[in-house]
Amino acid sequence: MVKEIKNLKQFSKSAEKFEGAHLLCPGCAHGMIVREVLNAVDGPVVLGNSTGCLEVSTAVYPYTSWDVPWIHIGFENGSTAVAGAEAMYKALAKKGKYNGQKPKFVAFGGDGATYDIGFQWISGCFERGHDMTYICLDNEVYANTGGQRSGSTPIGASTSTTPAGKVSYGKKERKKDILFVMAAHGSPYVAQVAPNKWKDMNKKIKQAIDTQGPTFINAMSACTTEWRFDSNQTVEVSDLAVDSLVFPLFEIINGTEVKITYRPKNIVPVRDYLGAQGRFKHLFKPENEHIIEQFQKDVDARWEYLQRREEAKV
Amino acid sequence: MASAVELQEIEVWDGNMAASHALRQAQIDVVAAYPITPSTPIVQNYGSFVSNGYVDGEFVMVESEHAAMSACVGAAAAGGRVATATSSQGFALMVEVLYQASGMRLPIVLNLVNRALASPLNIHGDHSDMYLGRDAGWINLCTCNPQEAYDFNLMAFRIAEDMEVRIPTIVNQDGFLSSHTAQNVRPLSDEVAYKFIGDYQSKNSLLDFNKPATYGAQAEEDWHFEHKAQLHSALMHSSRVIEKVFGEFAKLTGRKYNLIETYDIEDAEVAVFALGTTVESARVAAKNARKRGIKAGVATIRSFRPFPYAELGNALKNLKAIAIMDKSLPAGAMGALFNEVGTSLYQVKDSKHPILSNYIYGLGERDLTQVDLENIFKELQENAQAGKLTHPTQQFIGLRGPKLSFC
Ligand SMILES: Cc1ncc(C[n+]2csc(CCOP(=O)(O)OP(=O)(O)O)c2C)c(N)n1
Ligand code: SF4
């Protein structure tokens, strides 16, 4: 069951399922996203978590920030941990050993846990059709281990394993297009969200959680530490991401139907987004300017593609 | 409600079928599994039980063994009976999650049908895979034939789920020699088997929404040690519960198992110590050796973890010479069993220690023949008479090429 939240005041009042006492960096978007997710669910919920910033910051024995059932196994298998719990729920309900309200099953993983090491497990869960929602906290880097590149890191970002240097402009490869990969599994609902657009996010999370079957949310999670911006700038940087269309907000229904859910009134240039973060600072040197151009071209092409998909309704 | 199966008093089952029926009778809530030779039939038989309405829990065929154990952990944390089966490479892929399962004290039962590890790739039975999980905090039980594969599976649920134990448990059986060899097995009726195992008792379930549980927290230098020590302590003490369950099973079936199983050891001077199907071959060889005037015996253990150091040391301490048979080769070391048995004997106070030798055999299922065992008893006899080791400590049976031995 989902909860109706109409305004920010209501939102701010109901966060007791995830305690503020955690060790996430000030300004970390992970915490905002988790609160938004938990606020959207009214009934019982079981959470799984992969190893990463969220996990290490919220369950440090003998403490826990979680007032809901929560399990962490390893870096790659948060999805399957939740799938196992969901299978147990089904078995016990069938045998009459669980008589309560049907719970929601939700797994969180960072982009490393999702795009890279845990991909096989998520893919397996989606193929088998577990009734669960997988939420990727996409900060485009392995933040917990000190900022190494992941399959989600965009081209040109300086990371600790692809640092910009005398002969390198940082990461060479483009970001993996995870949404279409997940949609190709035939998932009934996949969507991209950003915590600064909280109404859009709230709506999508509700839809994902209330849809029967495996659903997927890719949540942009600005990381003050690895993106290198001041901790009071999280929402501003997030605004730049969605307004520059670097991080477009859209959903894909039943594996094919693309819907754009946010169209910026004024599209800002990609360079404004890049310029706000330390990880792209080196791109503004003359020898690297072509990467900014490349970045802009990629963003334009993808926006064009999304619009065409939406229009064609296929 | 799942339909019952009418079983004969004696069924002709191989070890895999025996294990499958035990799993069926346990009315498991979630089985998550992935096929691999030679444990595949356990999973297939289970699938057919599901398809034909003999099982009403969930059967999750996942995309890998790592996922199988991950799903088992999630399911067990959600508070119900859970089991799986695997071998060799599959078990290797599970190893990370084995530690996580035991650390969370989730009473999962795993059938490990022992098989060699690549490379070279080999599908046949040896014990290499067993040792991958040796230190993972699971109870490890050892069986010699299909009847025991059946019996130990029933007992494994009782042991793992005991409220004092709550430790995941492995039932080992030899690939092919037990898993694919059909023998007479005396099963219990579905009703009696389930009554023996009993209903699952839940503890800290993820589905208990009144008392939300946090599973798999991190604990650094301030708490990690205490967690590991608690698990170790519970594991060391679990032998009491294992023996209690052995006792209750004996009352029910007349089949009595012991932590240490010996054959003709009381007056023996020499003995072979082995695990799995080799124990039965060694008993035949010991009987024949006695006809040749060698006072021969055989010993094995039923729980490799917890390792029964004191009991084993006492059982073997009066022997003059012991051959320890390792069906695996820890590269760069003496056999794993050799090290454990040796430690057991050195724990016996005021004892003249028996002469120990280590035989590496059966890797990738190289044959171990009665002639081989006869020669081992001969060598043991020579050691006993000489009062010292008359040959290198570690020798290899049936290995082609130049003779290999160490120490
Ligand atoms: C099997 C395994 N490999 C590597 C690690 C080390 N590790 C832990 S968290 C992590 C990175 C997490 O990155 P991500 O999933 O993007 O989450 P974030 O910390 O950025 O939120 C790594 C590499 C591990 N715990 N387990
Ligand atoms: S490193 Fe980044 S993702 Fe991790 S807690 Fe800090 S801000 Fe959040």
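Which residue forms a salt bridge with B:Glu63, and how far apart are the closest N and O atoms? The legends below, which describe a predicted model, take up this contact in the third view.

**View 1. Shell of residues around ligand 1.** In this predicted model, ligand 1 is surrounded by 18 residues, and the closest are A:His30, A:Cys53, A:Gly112, A:Ala113 and A:Ala143. The surrounding residues come from chains A and B, so the site is shared between chains. By class, the shell comprises seven nonpolar, eight polar and three charged residues. Helix H5 of chain A, spanning residues 111–116, gives the most to this shell, with three residues.

**View 2. Polar atoms of chain A that approach oxygen atoms of ligand 1.** A:Asp111 takes part through its side chain, of which a polar atom is 3.2 Å from an oxygen atom of ligand 1. On its own, ligand 1 has 590 Å² of accessible area, and the protein covers 76% of this area.

**View 3. Salt bridge between A:Arg128 and B:Glu63.** The partner of B:Glu63 is A:Arg128, and the closest N and O atoms of this salt bridge are 3.0 Å apart. Between chain A and chain B, the count of salt bridges is five. Residue pairs in polar contact across the two chains number 20, with both residues of each pair at pLDDT 80 or more.

**View 4. Elements of chain A on the side that touches chain B.** Two or more residues each are given to this side by strand E1 (45–49), helix H3 (53–58), strand E2 (70–72), helix H4 (78–94) and helix H6 (119–128) of chain A. Among these elements, H4(A) gives the most, with eleven residues. The residues on this side of chain A divide into 25 nonpolar, nine polar and eight charged.

**View 5. Extent of the contact between chain A and chain B.** Chain A contributes 42 residues to the contact, and chain B likewise contributes 42 residues. The area buried between the two chains is about 3200 Å², of which 63% is on carbon and sulfur atoms.

Conventions
Residues numbered from 1 in each chain as written. Chains lettered and ligands numbered in written order. Predicted model: local features only at pLDDT ≥ 70, side-chain atom pairs only at ≥ 80, totals over all residues. Heavy atoms only, no water. Near = heavy atom within 4 Å. Polar contact = N/O pair within 3.5 Å; in protein donor to acceptor, adjacent residues only side chain to side chain. Areas by Shrake-Rupley, 256 points an atom, 1.4 Å probe, with all protein chains shown as cover. Helix = DSSP H or I, 4+ residues; strand = E, 2+ residues; numbered from the N terminus. Nonpolar A, V, L, I, M, F, W, Y, C, P; charged D, E, K, R; others polar. Contact = heavy atoms within 4.5 Å. Buried area = accessible area lost by both parts, 1.4 Å probe. Salt bridge = Lys/Arg side-chain N within 4 Å of Asp/Glu carboxyl O.
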